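Please examine the sequence and the three-dimensional structure shown here before reading on.

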There are 2 protein chains.
Amino acid sequence: MRPLSYGVPWAGQARAVRILVVEDEVRLAQALQRGLRAEGFAVDIAHDGETGLHLAREAAYDAVVLDVMLPKLSGYRVCRALRAEENWVPVLMLSAKDGEYDQADGLDVGADDYLTKPFSYVVLVARLRALLRRSAPPRPPVLGAGDLRLDPAAHRVSRGQTQIALTPREFALLELFMRRPDEVLSKSEILAHVWDAHYEGDPNVVEVYVGYLRRKIDAPFGRRALQTVRGAGYRLAGNGG
Amino acid sequence: MRPLSYGVPWAGQARAVRILVVEDEVRLAQALQRGLRAEGFAVDIAHDGETGLHLAREAAYDAVVLDVMLPKLSGYRVCRALRAEENWVPVLMLSAKDGEYDQADGLDVGADDYLTKPFSYVVLVARLRALLRRSAPPRPPVLGAGDLRLDPAAHRVSRGQTQIALTPREFALLELFMRRPDEVLSKSEILAHVWDAHYEGDPNVVEVYVGYLRRKIDAPFGRRALQTVRGAGYRLAGNGG
DNA sequence: GCCCTGGCTGTGAGGGCGCTGAGAGCGGCT
DNA sequence: AGCCGCTCTCAGCGCCCTCACAGCCAGGGC
């Protein structure tokens with residue numbers, strides 16, 4: 001199943017802070033890797049924009065150090081691509097000395113901070129820490145349907161003023177519905193998203209969990225946000241029922 | 001920019017997407033207004049919380065960009081007031097750099113997303129778009145015939161303002177007709193599409209289901225959208241009867 | 001007006017679909 | 001070890017959907 005609850009601050013166990021360094025100068029990249037590891041970070045390296053973007057997409061990094069001048073795909077394009085995909089991982093850009101690009105470009109492209117080469121290692125670490133410290137902010141927006149709200153990052157759900165406690169499975173199910181309000185989702189589609197891409201089990205689990213959800217988000221409020229569409233699937237009313 | 005309502009035929013002429021910016025720093029407000037207008041949004045400005053709240057109440061905005069620090073009425077209070085009135089317009093909050101308030105407060109108060117100053121303009125636009133996309137999901141394929149509407153994704157049918165409940169079979173049948181309005185469909189063709197490619201049964205089912213449909217989509221409205229073409233099949237009037 | 005053919009509809013059986021309560025398995029926490 | 005919460009299976013139940021059937025109605029040709 002999907003580890004939906006990893007990395008959630010309140011989940012408790014400490015997790016290594018993961019940094020991705022995208023830098024084509026091999027010596028600089030390795031120096032950074034060694035240094036940051038010594039600081040206690042988990043560091044991955046990419047030597048071109050393409051693999052950098054790929055890695056940033058796949059793994060959940062806490063920050064990305066991104067050179068501007070890169071083979072295959074410039075740092076700008078990598079950053080822009082990430083932002084376009086609603087990936088708000090904090091990005092610290094490294095510019096060429098005084099290149100054709102300037103700082104404003106970097107920020108316009110969605111970077112969170114900017115450093116011009118040559119830079120002092122100490123400054124880089126300081127800025128990185130600053131980014132991480134205030135990196136709680138780049139969190140995904142809250143989903144809403146009527147007075148139903150779901151905060152994906154905080155794993156919180158509320159209806160009106162009332163907080164609602166959901167189990168991980170229930171939460172994942174509701175999140176799927178809230179990302180596609182007013183759309184009928186078939187049981188197989190639900191199974192594929194909330195359970196596993198090739199889940200081989202009784203589709204009845206879906207009915208069971210829809211039932212659980214209804215008891216928590218609808219019944220106590222006399223609402224009917226989660227609707228059955230017989231023969232087709234289920235639908236979350238975009239107005240919250 | 002891309003008109004958010006594209007593909008919704010009955011939406012009539014594309015309506016501008018309206019954004020309200022509530023920001024007391026005049027220069028920032030104007031910069032935002034210029035930038036967002038260049039993106040194709042219709043932008044209104046308020047320089048304090050009171051007029052901001054007033055405007056948000058009066059006009060139907062698609063989103064509100066709301067600074068936290070405002071004269072007369074803080075962004076928090078504005079947002080809380082809107083939510084208390086069951087106004088669920090998407091709100092994007094702009095926090096002071098690292099002020100006394102923090103992000104959690106913003107979300108607790110009912111904001112949908114949160115950005116800390118200084119922010120990158122690109123990120124603001126990206127988040128704004130994300131908010132708009134979520135709140136106004138442009139579900140292109142809505143079929144229409146006169147005042148008859150069928151939304152395949154939502155599995156919903158309506159005539160005028162009235163929602164109509166259809167069984168799966170009825171829905172499939174009507175969908176076939178609405179995809180080919182004004183066209184005469186033979187019973188065998190209908191059987192092949194709505195039932196099974198090689199259905200071996202009484203073609204009378206078609207008559208039966210056409211009857212069911214008429215009782216739901218025509219009779220209550222005194223219309224005749226589903227017409228019999230004796231000896232040939234049935235036709236759905238493209239103008240809804 | 002009569003007849004024939006094709007279309008319409010009321011009735012009812014049967015079965016599929018969705019809902020729910022009970023409970024077993026599992027893992028985490030104390 | 002014991003408890004608790006989460007997940008998921010299973011079986012029973014009830015409703016609604018589907019469809020066959022048969023009798024009735026309407027259109028059109030003569």
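The structure is a predicted model. Chain A contains eight helices and 12 strands. Of its 241 residues, 34% are buried. Among the contacts in chain A that link residues at least 6 apart in sequence, 55% connect residues at least 24 apart.

One place to begin is strand β1 of chain A, which spans residues 18–22. Four of its five residues are buried, so this strand is largely enclosed by the rest of the structure. Its pairing with strand β2 of chain A (residues 42–46) is parallel and extends over five bridges. Within this pairing, A:V22 lies opposite A:A46 of β2(A).

Further along chain A there is an open sheet of four strands, in the order β6-β7-β8-β9, with antiparallel pairing. Its edges are formed by β6 (143–145) and β9 (162–164) of chain A, each of which pairs on one side only. On average, neighbouring strands of this sheet are turned by 20 degrees against each other, direction ignored. In general, the strands of a sheet pair through backbone hydrogen bonds, in either a parallel or an antiparallel manner. Strand β8 of chain A (residues 156–159) runs antiparallel to β9(A), and three bridges join the two. A:R159 stands opposite A:T162, a residue of β9(A).

Helix α8 of chain A includes A:L213. Is A:L213 buried or exposed? A residue is counted as buried when 20 or more other C-beta atoms lie within 10 Å of its own. A:L213 has 25 C-beta neighbours inside 10 Å and therefore counts as buried. Leaving aside residues up to four places away in sequence, A:L213 touches A:E170, A:L173, A:L174 and A:L226. By contrast, the C-alpha atom of A:L213 is separated by 37 Å from that of A:G110, which is 103 residues away along the chain.

In chain B, helix α1 (residues 26–38) has 13 residues. From its first C-alpha to its last it reaches 18 Å, close to the 18 Å expected at 1.5 Å a residue. Just after α1(B), B:G40 adopts a positive phi of about 100 degrees.

The contact between the chains draws 27 residues from chain A and 23 residues from chain B. On the side of chain A that touches chain B, the elements giving two or more residues are α3 (75–84), α4 (103–108) and β6 of chain A. By class, this side of chain A has 13 nonpolar, four polar and 10 charged residues.

The most comes from α8(B), with six residues. By class, the surface near DNA strand C comprises four nonpolar, eight polar and five charged residues.

DNA strand D is surrounded by 23 residues, and the closest are A:T167, A:R169, B:T167, B:R169 and B:G201. At least two residues of the surface near DNA strand D are supplied by each of α6 (168–179) and α8 of chain A and α6 (168–179) and α8 of chain B. By class, this surface holds eight nonpolar, seven polar and eight charged residues.

Methods
Residues are numbered from 1 along each chain as its sequence is written. Chains are lettered from A and ligands numbered from 1 in the order in which they are written. This is a predicted model: local features need pLDDT of at least 70, side-chain atom pairs count only at pLDDT 80 or more; totals for chains, interfaces and linings use all residues. Two strands pair if DSSP finds at least two bridges between them. Axes are lines fitted to C-alpha atoms, for helices over the stretch in contact, and angles run from 0 to 180 degrees between N-to-C directions. Ala, Val, Leu, Ile, Met, Phe, Trp, Tyr, Cys and Pro count as nonpolar, Asp, Glu, Lys and Arg as charged, and the others, Gly among them, as polar. The expected span of a helix is 1.5 Å times one less than its number of residues. A residue is near a molecule or strand if its C-beta atom, placed from the backbone, lies within 6 Å of it. Two residues are in contact if their C-beta atoms, placed from the backbone, lie within 7 Å. A residue is buried if 20 or more other C-beta atoms lie within 10 Å of its own, exposed if 12 or fewer, and partly exposed in between; C-beta atoms are placed from the backbone.
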